[in-house]
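Welcome, and thank you for taking a look at this protein with us.

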Amino acid sequence: MNTLNSKGWNARLLAGLLPALAALSPALADTINVPAGYLTGTTVWKSTNTYVLQGFVYVVDGAELRIEPGTVVKGVPGTTSGNFGNLFISQGGKLIAEGTPQNPIIFTAEEDDVTDPTDLGPDDVQLWGGIIVLGKARINNAVNAAGDAATPKYDIYEGLPDTQGPGGQFVNRYGGADDDDSSGVIRYVSIRHGGKLLESNKEVNGLSLCGVGRGTTVEYVEVYANSDDGFEFFGGTVNTRYLVSAFNQDEQFDADQGYSGKNQFWFGIQPANSVEKGMEINGEPQDRVTGLGVPVSNWEIYNATLIGAGARSGAGSGNNAFTFRAYTQVKLYNGIFTDFNGQPVTGGAFTTGANPTVQNNLWWNFTVPNFSPASLFAADNNNSTNVNPLLRGISRTEDGGLNPLLQPDSPAWSGAKETPRDGFYLIAPYRGAFDGQNLWLRNWTALDSAGFLPPRTNVVNVPAGYLTGTTVWSSTNTYVLQGFVYVVDGAELRIEPGTVVKGVPGTTSGNFGNLFISQGGKLIAEGTPQNPIIFTAEEDDVTDPTDLGPDDVQLWGGIIVLGKARINNAVNAAGDAATPKYDIYEGLPDTQGPGGQFVNRYGGADDDDSSGVIRYVSIRHGGKLLESNKEVNGLSLCGVGRGTTVEYVEVYANSDDGFEFFGGTVNTRYLVSALNQDEQFDADQGYSGKNQFWFGIQPANSVEKGMEINGEPQDRVTGLGVPVSNWEIYNSTLIGAGARAGAGSGNNAFTFRAYTQAKLYNGIFTDFNGLPITGGAFTTGANPTLQNNLWWNFTVPNFNPASLFAPANNNSTNVNPLLRGISRVEDLVLDPRPAVGSPANTSSLTPPANGFYQPSAYYGAFTSAGNWAVDWTALGNSGIMNPGGAYTPVVYPPVNVPVVVQSSLVDGQIKLTWSGGTPPYTVQKRTSLSTGTWADETTTSETSVTLPVSGDTQFYQVND
């Protein structure tokens, strides 16, 4: 056992970690002993309990074990094979272990107190077994003689007895003929302190994947402090992403028996005393040399980072990066392999029949830097040898020094092979498992909870006032807005993935925390699915998903983005008379900031204006009052132009609207408006953008509309507003406050106000305690389009006006979409995916193929299979939303599309706007169209740039 003092723990760091760990395992959890034997039927293990495996526990054919996010499962140490804790998923059984980033599922030793990061360390191994998944996919040879002679071949896990369980099933067998077999889902799971001996020299791996088929999901899985391999693949076809093998005492990753899956983003780090390989890669079972094995071992991995035991002077210890054994045809691309006390590849030649492909990798810091065989490192393989990848930090102790992100000047940013566009691989134009910002190990791993990663305990108070120049907010800090903070003209606020920004509650307008992006300012807030950027209240402990709930609102302000795109009318009289029109946000004072800028204004003439990027951002617990009946929306988009990126944004528990569009042209995708106390979505002043994939759910006590859609400012009825409100949305799912018996509460799905021409397609609108549409007719001049939508469960199911629901519009009224679950409390029931067989799964209407919309010939924001709103939202991590089907959409930008550039003068500067190409873009200029050298002006991932006018004549071009 390790002690606090011997580990050198920093008390401040420890204090920051304990709340997170306590949230994962409630102090009052019941302990349930699971006896050795067989699980049949459907078994559910709940996060309110701790489960202790008393021996070998099998999930047998036809059975399903479902484990809730945040559940802790432990194994007893035992004394002999069979009586230590171990979980087997036998052929035909399923494990549905779907954790979330903030609530991982933890498998560990009985003695591990998961609320105390100091009680067990990386040297505490072999305290229980592990997880063994036995599938029906093919293997190429078997060690077991009978299995090797069978058709199809099967094997028995590590020489265990060929035991029969219920119905005569051979529960230790794996292999078969079904490469598409599914053994379930293993997602956000941490496996710790295992590796008990089965017999001499045969320990249990952390996660053994034996003949596992590609129908199984395995991603975000960590094996920490295991006495044997972290992960071993025994044949099969399973695909994996985001695997972590940390401080295991044998190989980080091992594969044999013809494994042939796809893999991306693997991270491994070995203990300092290791003499083992980073990867041991067999084609056939180890020591089997036939050359007859089918399928051939041809699996592949893009973007691995493997860190060895540490290079030192001398001859090396055998801690080599790779051993390629007989008949492997593995393919390794875009990896970083570093810090090994041995060689890059064992020996000087491959063993019999091995023919691996090793391309576009970066190799550094080997005790014995012999790069052989020469064929692997030939020039056309583009391997970079003896090149420092400039990782931010390597450490094997709990000192916060492990940070495998790339430094800005790392050579790993270039030289990567493009990943296949096959729907599995994500775009990753760099080498290694990490870019420069997204430390996806955060929150769910033992590496984070035990203190190996950089701490995040520093609090930075941001005073009310103005941000100028370029400001960077780092994920290792928490930023507290002390009042109204403005990003002014020409300034840029860049926020790293995983950063937490909080707002003080204040007492009056102006002294609560609130972020404004004024005209000409930019917010570059690019989170990730694993590390969203969180804006929340000062009192919110984001490591504890239970401390604030959906009723905790109005604790700070929100985010207000003020752009230069057109609005059609203004409430402010001077702004309404101006050309172009402008308005002032919610009647605030017309305050002037640096350089005389009117920092609360929005509107203008630049529909291509960019206010930056807002992606994977969660905005929580806001909505403070500006004045009576004027609260701040979660995200206010005011005259925001289509050059701005807004996607994967959640507003949760806000006292006013979730999202409100005040004119502008911004396009959005993947928005979540959850349990906000006014409308889910609101639009006025001539908003005219494109939108897809919106999800909204209202609190049970709501009497507000699902959407309030104005053409002009509310209560303005001129018919003269230009541009007309003609925005559109494909694929929305709106869930109201719940239909009940009675006359309805006013919780209507839609209110269409004067002169709106909004268009709604392929939506699901359900569970409203009111009408589908307010009243029996449109207000003055309204002419919306509602086509191919599905309507269900209204307290007052009056589908008026009749013109909207004419047969030609293909609206399905009173048709149950068969959503899998609706709930507004922390019971893991909310699941907005349509069930298999739902009428929502097929629509005759397909969105335009215009480069913005994704193909989606179905109703609602979700397919029956996938939920994109789990990992990064408060809904997904608070226990309200079920994690079933969680995934990150894979979107590939178009290729070979030429860049088409337009130019205009805006405020005395030249504005270049373009479409096509693939980011990043380089803007160049010269003084002659036909001669001279093009000089780089700037590089950007956006599709517009504003440049000063200089000289008499300038020519510009944009290259991707």
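## A tryptophan and its surroundings

Let us begin with Trp440. Setting aside residues within four places in sequence, Trp440 is in contact with Tyr242, Leu243, Val244, Phe265, Phe267, Ala433, Phe434, Gln530 and Asn531. For Ala433 there is a further detail: its backbone oxygen lies 2.8 Å from the side chain of Trp440. Please keep in mind that this is a predicted model.

Trp440 has a relative accessible area of 2%, so it counts as buried, the limit being under 20%.

Which residues touch the most other members of the largest nonpolar core? They are Phe107, Tyr157, Leu207 and Phe322, in a core of 79 residues. Take Phe322 as an example to explore. Leaving out its neighbours within four places in sequence, Phe322 is in contact with Lys277, Met279, Ile281, Leu306, Leu332, Phe337, Pro344, Val345, Thr346 and Trp363.

Another core lies apart from the largest one and has 78 residues. Among its members are Phe535, Ala537, Ile584 and Cys638.

## Cysteines

How many disulfides does the model have? The count comes to zero, where a pair of cysteine sulfur atoms would have to be within 2.5 Å to qualify. As background, a disulfide is a covalent bond between the sulfur atoms of two cysteines.

Now turn to the backbone, starting with the prolines. Thr151 and Pro152 are joined by a cis peptide bond, with omega at about -5°. You can find Pro152 in the loop between α3 (145-149) and β12 (155-156). A cis peptide bond also joins Asn800 and Pro801, where omega is about -5°. Pro801 is in the loop between β61 (790-794) and β62 (812-813).

Positive phi values come next. Phe247 is not a glycine, yet its phi is positive, at about 60°. This residue lies in the loop between β20 (239-246) and β21 (253-256). Is Phe247 buried or exposed? Phe247 counts as buried because its relative accessibility is 2%. Asn762, also a residue other than glycine, has a positive phi near 55°. Look for Asn762 in the loop between β58 (759-761) and β59 (764-768). With a relative accessibility of 0%, Asn762 counts as buried.

## A buried serine

Our last stop is Ser183, in the loop between β13 (173-174) and β14 (184-192). Ser183 has a relative accessible area of 4%, so it is buried.

What does Ser183 touch, not counting residues up to four places away in sequence? Its contacts are Ile89, Gly93, Lys94, Leu95, Val133, Leu134, Gly135, Val212 and Thr216.

Note on methods
Residues are numbered from 1 along each chain as its sequence is written. This is a predicted model: local features need pLDDT of at least 70, side-chain atom pairs count only at pLDDT 80 or more; totals for chains, interfaces and linings use all residues. Side-chain values use heavy atoms; hydrogens and water are left out. Helices (H or I, at least four residues) and strands (E, at least two) are DSSP runs, numbered from the N terminus. Buried means under 20% relative accessible area, exposed over 50%, partly exposed in between (1.4 Å probe, protein chains only). Contact means heavy atoms within 4.5 Å. A polar contact is a pair of N or O atoms within 3.5 Å; within protein, one must be able to donate a hydrogen and the other to accept it, and residues adjacent in sequence count only if both atoms are side-chain atoms. A nonpolar core is a set of buried Ala, Val, Leu, Ile, Met, Phe, Trp, Tyr and Cys residues joined through side-chain atoms within 4.5 Å.
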